Each structure stands twice: as structure tokens, then as C-alpha cells.
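Here are my notes on the model, point by point. Please read them with the coordinates open.

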Amino acid sequence: MSKVAVIGAGSWGTALSIVLSDNGHDVRLWTHRKEQADMINNQHVNENYLKVNLPENIKAYDDLHSAIDDVKAIILVVPTKAIREVSQQLNRLLKKKITIIHATKGIEPESLKRVSQMISEELDSYSYEDIVVLSGPSHAEEVGKRLPTTVTVSSLDSSNAKLAQDLFINESFRVYTSPDVVGIELGGALKNIIALGAGISDGLGYGDNAKAALITRGLAEITRLGTSLGANPLTFLGLPGVGDLIVTCTSVHSRNWRAGNLLGKGHKLDEVLDQMGMVVEGVRTAKAAYQFAEDQEIEMPITAGIYQILFENKYPREVVEQLMSRNKREEMDDLAELIGGNYSK
Ligand SMILES: NC(=O)C1=CN([C@@H]2O[C@H](COP(=O)(O)OP(=O)(O)OC[C@H]3O[C@@H](n4cnc5c(N)ncnc54)[C@H](OP(=O)(O)O)[C@@H]3O)[C@@H](O)[C@H]2O)C=CC1
Ligand SMILES: O=C(CO)COP(=O)(O)O
């Protein structure tokens with residue numbers, strides 16, 4: 001078994017540490033807060049982030065240098081906005097090339113860069129091909145209780161993806177591989193926008209019909225943007241696409257759904273984000289996707305509506321009216337366009 005470092009001691013970093021510990025690995029969980037490291041080491045809990053008891057072979061560190069010393073792999077799980085800063089810290093410390101797996105779901109607003117691009121830009125001796133992404137329908141709250149979960153790992157270097165698969169796979173955590181890094185990262189990031197929308201819809205008191213429509217038409221938008229950036233459309237029908245979209249739009253565990261739900265009930269964005277205490281990635285991702293879609297003239301009406309609610313103080317009900325009164329369309333034309341084909345009647 002191997003020494004592995006999990007960088008980021010939030011809910012997802014903690015849950016992934018449990019999987020790795022169950023697989024017999026020597027897990028070093030890094031946090032930038034000393035008091036949190038002390039709590040994990042002395043009481044074996046990480047109470048603000050995951051309400052479970054932690055195995056004793058998860059050791060917390062607040063010193064990054066010691067955390068990554070002699071490890072076989074680094075799992076990077078900080079929010080997207082911290083990825084560059086933490087990668088820069090790693091860059092100063094890394095003495096040799098170690099496999100890096102990230103499990104972060106977001107994109108950078110100004111550049112629309114994906115997480116693997118950001119990481120490889122900050123690490124001198126790494127290229128984009130070296131980074132692995134892990135994504136799929138996987139709430140930390142369920143993984144922490146060892147409930148059955150499936151995810152996908154991907155890297156342009158398939159040996160890195162296989163290494164990640166072997167590190168994580170067990171009887172309650174099934175790991176697939178895929179070659180489509182772009183699709184997997186974009187699926188994981190963009191579903192958070194639609195989950196905000198599903199939460200808003202529930203907060204407004206709408207029903208399952210509205211949510212099913214958001215999921216389905218949301219998937220069409222994700223696929224449209226994703227394929228324009230080189231993703232394989234099939235990926236969006238898999239675990240990192242429709243799978244993650246379903247779980248995030250329908251689960252009370254979802255931070256994005258919960259934030260959306262409060263917005264739908266009339267709370268202001270700042271107040272909602274203060275209340276959450278955990279990262280709500282969909283907010284920054286909505287800004288990134290909206291700006292890109294505008295620049296590239298990609299049709300993303302749900303994303304545009306959510307952007308207006310988040311950043312232009314538009315009332316959610318007005319956005320729903322706007323979406324429901326769009327021009328009449330043929331659904332099959334849209335669907336065919338998503339896979340690059342033409343539908344002829
Ligand atoms: N939670 C989940 O179920 C899942 C989450 N993800 C993704 O994983 C990523 C992390 O999410 P999650 O664990 O939920 O987030 P949380 O908000 O639970 O935790 C984030 C952690 O990162 C730390 N952090 C934030 N900024 C920095 C920084 N600059 N330097 C060091 N540490 C920092 C936080 O520290 P502090 O305590 O100081 O805030 C906290 O420990 C997100 O991209 C999310 O989308 C993916 C799948 C499932
Ligand atoms: O990505 C996730 C589940 O797969 C977690 O989503 P939330 O950040 O909305 O909780």
C-alpha cells in the first residue's frame with residue numbers, strides 16, 4: 001500500500017481520504033488550519049465538514065512539505081478559486097514528479113480554463129497530460145458513509161488514469177476510466193449551474209416537472225458548450241455528465257442545490273453564501289460559462305437566466321417566464337445538433 005497526500009480538508013477531501021484509508025493507504029490530509037489538523041489527529045473528526053468518525057490512519061498535517069514527503073500520489077481537492085495558489089505552493093516543494101489527481105469541479109472565470117490546465121500551468125515540471133481528473137455523481141456525505149458510489153477518472157496519459165483507478169477502487173467506490181479529460185472536467189463544472197437552477201425551482205415551489213425539464217434542457221446546454229471546447233458528446237451521457245447532473249439537481253446534500261433553494265425562497269446571494277459555510281462552485285462557473293457563451297454566441301438560456309439571478313438581481317420568477325416564453329422550437333433539431341448531426345424528418 002502507498003503513502004498518499006490529500007490536499008484540501010473540506011468535505012470532499014475528507015470523504016476521499018476515507019476511501020483511500022479503507023483501501024489500506026497511508027493517508028496524509030493537508031489543511032491550511034492548524035486547529036483543524038489537531039482536531040482530526042486528536043478526536044478523529046472533521047466536524048465542520050463531514051459528520052462521520054474518521055479512521056485513525058488518516059493523519060492531518062498543516063505543513064505541506066511534510067504532507068507530500070515521499071508520497072506516491074497527490075489528490076488535489078481545494079475549491080477552484082484556490083487551485084492556482086495551492087499549486088504554486090506545491091511547485092515550490094515538489095522535488096520529483098508524483099502523480100497528481102484532482103477532484104475539483106469548476107472553471108476559471110476570466111480564462112475559462114479547466115482545473116487540469118490551471119494546475120499544469122503552475123507546476124514547472126508537469127504538463128497537462130500528467131494530470132488526472134476524478135469526477136462523477138458522488139456527494140461526500142454518502143461516500144463518507146461508504147454508500148455505493150461510481151466515478152470516472154481521466155488523463156491523457158492512460159497509465160496515470162489506471163493508477164488513480166487502482167488507488168481508489170473498492171466494493172463501495174467503483175471507478176471507471178475514460179480518455180475524455182475535457183468532457184469530464186466540463187461536465188463536473190457545468191452541472192453545478194443547473195443544480196443552482198434546480199434548487200431555485202424547488203425554492204419557488206415548482207414541482208418535479210420543472211426540475212426534469214431543467215435537467216434535460218440543462219444537459220443540452222452543457223453538451224453544446226462542452227462540444228464547442230472539444231469534449232466528446234458521449235461523455236455527457238455518462239457518470240460525469242447526466243449522472244452528476246441528476247445527483248446534484250435532486251439531492252439535499254448538494255451545496256449548489258441548497259444555495260439555489262435559498263435563492264428561490266428570496267434570500268440574497270451574499271447572505272446565502274455566508275450561510276453555506278462550504279464552497280458553492282456553480283456561482284463562479286455560471287459567470288465563466290455565461291461570458292464565454294455570450295462571446296462565442298452559444299445558446300445557453302438556462303445559464304443566462306441563472307447568471308441574471310445571481311449577478312443582475314433579476315427575480316427568479318421573471319427568469320422562468322422568460323424561459324417558458326422563448327420562441328417555439330423543434331426538440332429533435334436541438335438534440336441532433338448536440339451530437340453534430342442533422343435531423344431530417
Ligand atoms: N463536497 C462534495 O460532495 C464534492 C465536492 N466536489 C468538489 O470538490 C471541491 C472541494 O469541495 P468541498 O470539499 O466540498 O469544499 P468545502 O467547502 O467543503 O472545503 C474546501 C476546503 O478547501 C480549503 N481551502 C479553501 N481555500 C484554500 C486555500 N487557499 N488554501 C488551502 N485550503 C483552502 C477550505 O479551508 P477553509 O476551512 O479555510 O475554508 C476547506 O478545507 C469543489 O470543487 C467541489 O465542487 C466534488 C465532488 C463532491
Ligand atoms: O459534485 C458533487 C456531487 O457529485 C457535489 O456537488 P455540490 O458541490 O453541489 O454539493
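1. Gln-296 has 12 other C-beta atoms within 10 Å, so it is exposed. Gln-296 belongs to helix H13. Its C-alpha lies 25 Å from that of Pro-316, at a separation of 20 residues in sequence.

2. Confidence comes next. This is a predicted model. The mean pLDDT of the protein is 96. A pLDDT of 70 or more is reached by 99% of its residues. For the complex, the predictor gives an ipTM of 0.99 and a pTM of 0.97.

3. Which residues have a positive phi without being glycine? Asp-70 is one of them, with phi near 65 degrees. Glu-297 is another, with phi near 55 degrees. Both deserve a look, because most residues other than glycine have a negative phi.

4. Where do these two residues sit? Asp-70 is in the loop between helix H3 (64–68) and strand E4 (73–76). Asp-70 is exposed, with 12 other C-beta atoms within 10 Å. Glu-297 is in the loop between helix H13 (281–296) and helix H14 (301–311). Glu-297 has 7 C-beta neighbours inside 10 Å, so it counts as exposed.

5. Now the packing of H13 on H14. Their axes come within 9 Å and cross at roughly 125 degrees. That angle makes H13 oblique to H14. The crossing of H13 past H14 is left-handed. On the H13 side, the contact uses Val-283, Ala-286, Lys-287, Ala-289, Tyr-290 and Ala-293. On the H14 side, it uses Thr-303, Ala-304, Ile-306, Tyr-307, Leu-310 and Phe-311. By class, the contact of H13 with H14 has 10 nonpolar residues, 1 polar and 1 charged.

6. H14 also packs on H8. Here the angle is about 65 degrees, and the axes are 10 Å apart. That makes H8 roughly perpendicular to H14. H8 passes H14 in a left-handed crossing. H8 brings Ile-193, Ile-194, Leu-196, Gly-197 and Ile-200 to the contact. H14 brings Ile-302, Thr-303, Ile-306 and Ile-309. How many charged residues does the contact of H8 with H14 have? It has no charged residues, with 7 nonpolar and 2 polar.

7. Helix H11 (residues 255–264) packs on helix H12 (residues 269–276). The angle is about 140 degrees, and the axes are 10 Å apart. That makes H11 oblique to H12. H11 passes H12 in a right-handed crossing. Arg-255, Arg-258, Ala-259, Leu-262 and Leu-263 make the contact from H11. Leu-269, Val-272, Gln-275 and Met-276 make it from H12. The residues of this contact divide into 6 nonpolar, 1 polar and 2 charged.

8. Is helix H10 (residues 239–250) enclosed or open? It is largely enclosed by the rest of the structure, because 10 of its 12 residues are buried. The buried set runs through Leu-239, Pro-240, Gly-241, Val-242, Gly-243, Asp-244 and Leu-245, and includes Val-247, Thr-248 and Cys-249. Asp-244 is worth checking by eye, as one of the buried residues of H10.

9. What covers the buried residues of H10? The cover includes three strands: E6 (131–135), E7 (149–154) and E8 (173–178). It also includes helix H8 (181–203), helix H9 (208–228) and H11.

10. Ala-220 is in helix H9. Ala-220 is partly exposed, with 17 other C-beta atoms within 10 Å. Ala-220 and Leu-335 are 115 residues apart in sequence, yet 7.2 Å apart in space, C-alpha to C-alpha. Leaving out residues up to four places away in sequence, Ala-220 touches Asp-334 and Leu-338.

Conventions
Residues are numbered from 1 along each chain as its sequence is written. Chains are lettered from A and ligands numbered from 1 in the order in which they are written. This is a predicted model: local features need pLDDT of at least 70, side-chain atom pairs count only at pLDDT 80 or more; totals for chains, interfaces and linings use all residues. Axes are lines fitted to C-alpha atoms, for helices over the stretch in contact, and angles run from 0 to 180 degrees between N-to-C directions. Helices (H or I, at least four residues) and strands (E, at least two) are DSSP runs, numbered from the N terminus. Angles under 35 degrees count as roughly parallel, over 145 as roughly antiparallel, 65 to 115 as roughly perpendicular and the rest as oblique. A crossing is left-handed if the near helix is turned anticlockwise from the far one by less than a right angle, and right-handed if clockwise. Two residues are in contact if their C-beta atoms, placed from the backbone, lie within 7 Å. Ala, Val, Leu, Ile, Met, Phe, Trp, Tyr, Cys and Pro count as nonpolar, Asp, Glu, Lys and Arg as charged, and the others, Gly among them, as polar. pLDDT is the predictor's confidence in each residue, from 0 to 100. A residue is buried if 20 or more other C-beta atoms lie within 10 Å of its own, exposed if 12 or fewer, and partly exposed in between; C-beta atoms are placed from the backbone.
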